[in-house]
Amino acid sequence: YLMKHIELIKPILIVSLGATAYHYLTSDDTDISIVRCTVHKQNDYTIIPTYHPSYLLRNPSAKKEVFDDLLKLKELMGN
């Protein structure tokens, strides 16, 4: 259902929260720690992968990295 929803909504940007979401959307099995904060063009939308909120609960020190990811998202939204 997710891909059908994306097709209907036609988002410009998608933030994938966690490895599972990123892997599902891209079929790329690269570790999330490597691809986070990178821009992936797919079809008519852009994917920004970052850590899942539950990961941040277990690893609070990663909050800075997610903050950087969200700044990247803000930058892309401004363009």
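Predicted model: local features only at pLDDT ≥ 70, side-chain atom pairs only at ≥ 80, totals over all residues.
Local features need pLDDT of at least 70 and side-chain atom pairs pLDDT 80 or more, while totals for chains, interfaces and linings use all residues. Residues are numbered from 1 along each chain as its sequence is written, and side-chain values use heavy atoms, with hydrogens and water left out.

In soluble globular proteins, nonpolar side chains tend to be buried together. Here the largest nonpolar core has twelve residues, among them Ile-6, Ile-14, Tyr-22, Ile-47 and Val-66. Such a core joins buried Ala, Val, Leu, Ile, Met, Phe, Trp, Tyr and Cys residues through side-chain atoms within 4.5 Å. Two or more of its residues come from each of α2 (19–26), α3 (32–35) and β3 (45–50); helices (H or I, at least four residues) and strands (E, at least two) are DSSP runs, numbered from the N terminus. Beyond its neighbours within four places in sequence, Ile-47 has contacts (heavy atoms within 4.5 Å) that include Ile-14, Tyr-22, Leu-25 and Val-39.

Thr-50 also lies in strand β3. Thr-50 counts as buried because its relative accessible area is 1%, the limits being under 20% for buried, over 50% for exposed and partly exposed in between (1.4 Å probe, protein chains only). Beyond its neighbours within four places in sequence, Thr-50 is in contact with residues including Val-15, Ile-32, Val-66 and Asp-69.

Leu-2 is classed as partly exposed because its relative accessibility is 41%.
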